[in-house]
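Trainee: I am new to this structure and would be grateful for a guided introduction. May we look at it together?

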Amino acid sequence: MSDDDMKKTTLATLIFSISFGAVAAQHDHEHFSEIGNQGGKAATQATIDYNQDFSKTLNYKDTRAFDNNNRGLIAAFDQKTGDLIRNSFDFIDPSAANADKAPDSVNPSLWRQAVLNQAATGLYEVVPGKIYQVRGADLASISFIRSDNGWIAYDVLLTKESAEQSLKFFQENVPEAGNLPIVAMIYSHSHADHFGGSRAIKDAFPNIKVYGSKNITKEIVDENVLAGNAMSRRTAYQYGATLNRDEHGIVDAALAKGLSTGEITYVLPDYELNQKDEFETLTIDGLEMIFMDASGTEASSEMVTYIPSMKTLWSAELTYQGMHNLYTLRGAKVRDGLLWSKKINEMLHTWGNETEVLFSAHSAPVWGNEEISDFLKMQRDAYGFTHNQTLRLANDGYVMQDLGDKIYDVMPQSIQKAWYTNGYHGTYSHNARAVYNMYLGYFDMVPANLNPLPVAPQAEKFVEYMGGSEVILKKAQADFEKGEYRFVATVLSKVVKTEPSNKDARKLLADTYEQLGYQSEGAGWRNIYLTGAQELRIGTKPGAPKTASADVLANMTVENLFDYMAVRVDSLKAQNTPFTLNVVLPDSKETFFVEMSNGNMSNIKVDKALEADATLYVNRTDVTKLVLKQTTLKALFESKEAGLKGDKTVLNKLMASLVEFDEKFEIVPRPAKGQEVDAQLYEKTTDHTGHKH
């Protein structure tokens, strides 16, 4: 990669790729069959009854989404090209006739979504001769829009590999595509499944111009850098990174089948849109496009696009065939449900009367003005309902813990019956609690909840008050038999926290999580419950996040690098080793002043070096090499490529204060060393076919 190319890539997405996309980065496929054994017990009768009752509330006669899914299919993936997501879901029959035939171990609504997404795998024509999409190659879809002299690639998937294969598939199956270049690339928003494949497009067409949503690079960094390690561990849970692909494991990722595997990349935009105005009109290679800023909705940086000549509206990720996240389970800032609703309403009133095609980053398009209008109104009202009714209930005294259930009690029938407002990705339960948290915070004003004991000592007192683990297990087993899984999970989590090597408690809690997973409509809920069950049974396994790609690591800004290093400082170690340090970057003509004081490391960009204990001289290009571990400071000092003036111990003080994060930190309690749970106790069984156990 040339220096110019390096400057055109990311400026700060180190931890983002670890957090959101790391599950996609590298799986240990050699050991996948072994680690995928999460237990896989069958559904209990209580779960079978729950799912059957749930199924009776669903409108299976409405198959419109399947019709839209199949419309415009040009070429379906064959066995070779269908391996873009390197985890098979072949156990799911993608026909609409299979939509109401959920296994006992899958919520019937989630199963229908899994069937719908399984059917969307291939190349589709959205607007004849003008817009095409490759769907099912990744969590998002990649779109190709015809311009005067070639094609505009809109949202380019999560990984370089999936984008490269999708581009090839498009070129092979659309006759004129192979003869025309990609002239521009656009990112609708700041999530990795929409920009991570950019290097593949850039490498194939080096002269393309790149466009991004407002402040996209800044928002990528702000949302994902500092909590990156925690977010990555949580992401592995949300997306079921280590689960089997079968009816007892992961069946879907709500937005699509799942994440691709490979390298996450980011080509820095040449131009960021909507910097001055909410609406901005650009003509890109002869094609007029109107961009509306929607930042603060599904992403901190986001935009929707209208193409007047095609009467086509791109809704980015403000709409899909389901309810999205106001709070994403992997962890992120709470999103504004009211703003989200208002932006959809603005789309409706600005372009709704003339739009004939609505397409987006996930799910199939919607065609026809009347159907589009109904679709947008229902999506608008789903987010507005969640926001407004949560606050109405909060103003009546309901607290966060109540709202997860209460929001369903006040849901209008029209929202309940519409498939495309169901909680596959963002459940109404956790979204309502997100609204509460956004306005009122985590505290419910109950004095007992103001200053509770930390998790571990609180668990010990609960177990003590309840009469000890043996008494709790006996009562929990009885409640388990009655299908009262939610409270069983609560009480057994206290036992396992107090006694992490208690095999009976771990086994029953794993069984409980499993049944809760089987009942969950939300794909993330299912994956989290089942991953928790797996880790209780056999521990943390390969398949969790790995390191970021070289392309992403290469150009982290120095300021963000220092910010991240500050998060890694152990304050107790650092409190006794204060220092000040200038970092001078001759090639980029930047200088930073770094100070360690009171156990905290701060940094600020300055015009010139200040009085300090030491001054480090190092080129910005060598900082890239340091981040990529292609060199060391010692080697740079020896080659005279870097220098240090002043107190030679400053760098030692800095390095001694830093900690390495545990990428597999405890979520479910681990047994004590030497008391590991025997995985043989939890091998996959077939004797639980609804009978009590």
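The questions and answers below go from the whole chain to selected strands, helices and side chains.

Mentor: This is a predicted model, in which local features need pLDDT of at least 70, side-chain atom pairs count only at pLDDT 80 or more, and totals for chains, interfaces and linings use all residues. Residues are numbered from 1 along each chain as its sequence is written, and side-chain values use heavy atoms, with hydrogens and water left out.

Trainee: What percentage of the residues of the protein count as buried?

Mentor: The protein contains 27 helices and 19 strands; these are DSSP runs, helices (H or I) of at least four residues and strands (E) of at least two, numbered from the N terminus. A residue is buried under 20% relative accessible area, exposed over 50% and partly exposed in between, with a 1.4 Å probe and protein chains only. Of the 693 residues, the buried share is 57%.

Trainee: Which residue stands opposite Leu 581 in β18?

Mentor: Strand β15 (residues 579–585) has seven of its seven residues buried. With β16 (residues 590–597), β15 pairs in the antiparallel sense over seven bridges, and the two form a hairpin with four residues between them. With β18 (residues 614–618), β15 pairs in the parallel sense over four bridges. The residue opposite Leu 581 in β18 is Ala 614.

Trainee: How many residues apart are Asp 511 and Lys 41?

Mentor: A salt bridge is a side-chain nitrogen of Lys or Arg within 4 Å of a carboxyl oxygen of Asp or Glu, and the side chains of Asp 511 and Lys 41 meet in one at 3.1 Å, N to O. Asp 511 lies in helix α20 (residues 503–519) and Lys 41 in the loop between α4 and α5, so the pair links distant parts of the chain, their separation being 470 residues.

Trainee: Is Arg 486 buried or exposed?

Mentor: Arg 486 forms a salt bridge with Asp 405, the closest N and O atoms being 3.1 Å apart. Asp 405 lies in helix α14 and Arg 486 in helix α19, so the pair ties together parts that are 81 residues apart in sequence. Asp 405 is partly exposed at 38% relative accessibility. At 54%, Arg 486 counts as exposed.

Trainee: How many salt bridges does a search of the whole structure find?

Mentor: Another salt bridge joins Glu 176 and Arg 146, with the closest N and O atoms 3.6 Å apart. Glu 176 is partly exposed at 30% relative accessible area, whereas Arg 146 is buried at 18%. The number found in the whole structure is 25.

Methods
Two strands pair if DSSP finds at least two bridges between them.
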